[in-house]
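I opened my notebook today to look through the pockets, cavities and helix contacts of one model. My notes are below, in the order in which I looked things up.

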Amino acid sequence: MAPHNDSSPAGSFTNGFNKMAFQPSGSSTLTVEDLTAELGSSYDSSSLDAPISHVKRPLIPGVYVPTMCFFEKETEDVDTVTIARHAVRLARAGVTGLATQGSNGEAVHLTHSERQVVTATTRKALNDAGFSHMPIIVGCGAQSTREAILLCRQAWKAGGDYALVLPPSYYAPLFAPSSQTILEFFNAVADASPIPIIIYNYPGAVNGMDMSSDIIVQLAQHPNIVGVKLTCGNTGKLNRVAAATRKLAKKYDPKNPDFLVLAGSADFSIQALAAGGHGILAGLANIAPKACIQTIELWNQGKHTEAQEMQEIVSQGDWTAIQGGVVGVKAGLEEWAGYGGYCRSPLPRPTAEQSKNWKDGFKDLMMLEKSL
Ligand SMILES: N[C@@H](CC=O)C(=O)O
């Protein structure tokens, strides 16, 4: 792979309060050896021969999909062909952006090099299919400040536009979710990251740590922190963050807000919009992107009754996704779309009965999806 053709990421983003002026520290060059080091012969680097170009891809309101990661059924090697096809399928369905290595992307099962392969594969697939404008958010949460910064840099090198960062959680009993430690963690990562940060508040994934609206609003004032994904489902918090960050903006533009507030699950899409949010970053859109988009569009067009009816189907489908987690969503994708495969070990392969139950759980949603 040739080095990417933008040697300095500074100022490569457009969102935020004075965010254009922000100068992150550090960058270096990605080589094909970086990508293949941990993959050996299982990774065909020739598919990523094109240089990765860094252009401005604004973070605008809409539907963002934390994409699943796919693996070969026999070997559990990263399946780049399916990763690329899935990305293009979602783009063609009309989503606003993708997120690699979110919770649905099994980031915790991937080596650093594999993460870069997944992001670079997604970037290349989007570019090749005519979606070079579409931003890619990359999950970069880690237990140490140092590793989170490294992941942000690697994400940028692999073609990522934004970094989705969970708070560190292993030592959570030693500090509160709104403590100085968490504040310093996010500020340090944001100071050093070549790409802007989106805060990921998902208490279920981080030892129960639930960041308050106060700390999120405080962090939102960092020039390199440009959004939040609230999987906590707390629409009151979402409302407070949306209102405060709107007021902080020098000139609020609803089509290109300085700070993007996203529901972290599709089951509260219109609730989030009613509370001043800008869209969703939600795993259910892997399986039903059009239904997720249409629900939001109906609401934005003022068709609130129709939006509410569609939301009910989406919320019911999301209940299956929430209960089955990444195993259930993958099984649903396999049953309804004919691809998906299995998660990496030690996550279990579903039994025939589980697959049938999850297929049934997604039925109304998939009927809706296929009608759109
Ligand atoms: N329910 C969430 C899980 C992670 O945030 C989602 O839909 O993405």
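**Entry 1: the largest pocket**

A reminder to myself before starting: this is a predicted model. I went to the largest pocket and noted a volume of about 950 Å³. Its lining takes in 41 residues. Which of them lie nearest the centre of the pocket? I wrote down Gly102, Ser103, Tyr200, Tyr202 and Ala205.

Next I looked up which helices contribute. I found that α3, α4 (145–157) and α10 (304–337) each supply at least two residues of this lining. The helix that gives the most is α10, with six residues. I also sorted the lining by class, and got 21 nonpolar, 15 polar and five charged residues.

**Entry 2: the second largest pocket**

Here I noted a volume of about 160 Å³. I listed the lining as Pro61, Gly62, Val63, Gly94, Thr96, Leu273, Gly277, His278, Ile293, Ile296, Glu297 and Asn300. Which elements supply at least two residues each? They are β1 (62–66) and α9 (289–300). Of the elements, α9 gives the most to this lining, with four residues. By class, I have five nonpolar, six polar and one charged.

**Entry 3: cavities**

How many cavities of 30 Å³ or more does the structure hold? I noted five. I then turned to the second largest cavity, with a volume of about 50 Å³. Lining this cavity are Gln101, His112, Arg115, Gln116, Thr119, Val138, Gly139, Cys140, Leu151, Gln154 and Ala155. The elements giving two or more residues are α3, β3 (136–139) and α4. I see that α3 provides the largest share, four residues. The class tally for this cavity lining is four nonpolar, six polar and one charged.

I kept a cross-reference here: α3 and α4 also each supply at least two residues of the lining of the largest pocket.

**Entry 4: α2 with α3**

For α2 (residues 80–93) and α3 (residues 112–128), the axes come within 9 Å and cross at roughly 50°. The two helices are therefore oblique to each other. I recorded the crossing of α2 past α3 as right-handed. On the α2 side, the contact is made by Thr80, Ile83, Ala84, Ala87, Val88 and Ala91. On the α3 side, I have Val117, Val118, Thr121, Thr122, Ala125 and Leu126. These contact residues divide into nine nonpolar, three polar and no charged.

**Entry 5: α5 with α6**

What angle do the axes of α5 (residues 180–192) and α6 (residues 213–220) make? They cross at roughly 30°, and the axes come within 11 Å. That angle is under 35 degrees, so α5 and α6 are roughly parallel to each other. I noted a right-handed crossing for α5 past α6. From α5, the contact takes Ile182, Leu183, Phe186 and Asn187, and from α6 it takes Ile215, Gln218 and Leu219. My tally for this contact is five nonpolar, two polar and no charged.

**Entry 6: α10 with α11**

I came back to α10, which gave six residues to the lining of the largest pocket. Its axis and that of α11 (residues 352–361) come within 8 Å and cross at roughly 105°. That makes α10 roughly perpendicular to α11. In α10, the residues that meet α11 are Gly317, Thr320, Gly324, Val327, Gly328, Ala331, Glu335 and Trp336. Their partners in α11 are Ser355, Trp358, Lys359 and Gly361. I counted the classes here as four nonpolar, six polar and two charged.

**Entry 7: backbone details**

Where does Pro346 lie? I placed Pro346 in the loop between α10 and α11. A cis peptide bond joins Ser345 to Pro346, with omega about 15°.

Phi of Gln101 is near 55°, a positive value in a residue other than glycine. I found Gln101 in the loop between β2 (97–100) and α3.

Conventions:
Residues numbered from 1 in each chain as written. Predicted model: local features only at pLDDT ≥ 70, side-chain atom pairs only at ≥ 80, totals over all residues. Heavy atoms only, no water. Axes fitted to C-alpha atoms, helices over the stretch in contact; angles between N-to-C directions. Parallel < 35°, antiparallel > 145°, perpendicular 65-115°, else oblique. Left-handed = near helix turned anticlockwise from the far one by under 90°. Contact = heavy atoms within 4.5 Å. Nonpolar A, V, L, I, M, F, W, Y, C, P; charged D, E, K, R; others polar. 1 Å grid on protein atoms, 1.4 Å probe; cavity = no way out; pocket = protein on both sides within 12 Å on 5 of 7 lines; lining within 4 Å. Points joined across faces, edges and corners; volume = space filled by probe spheres on them.
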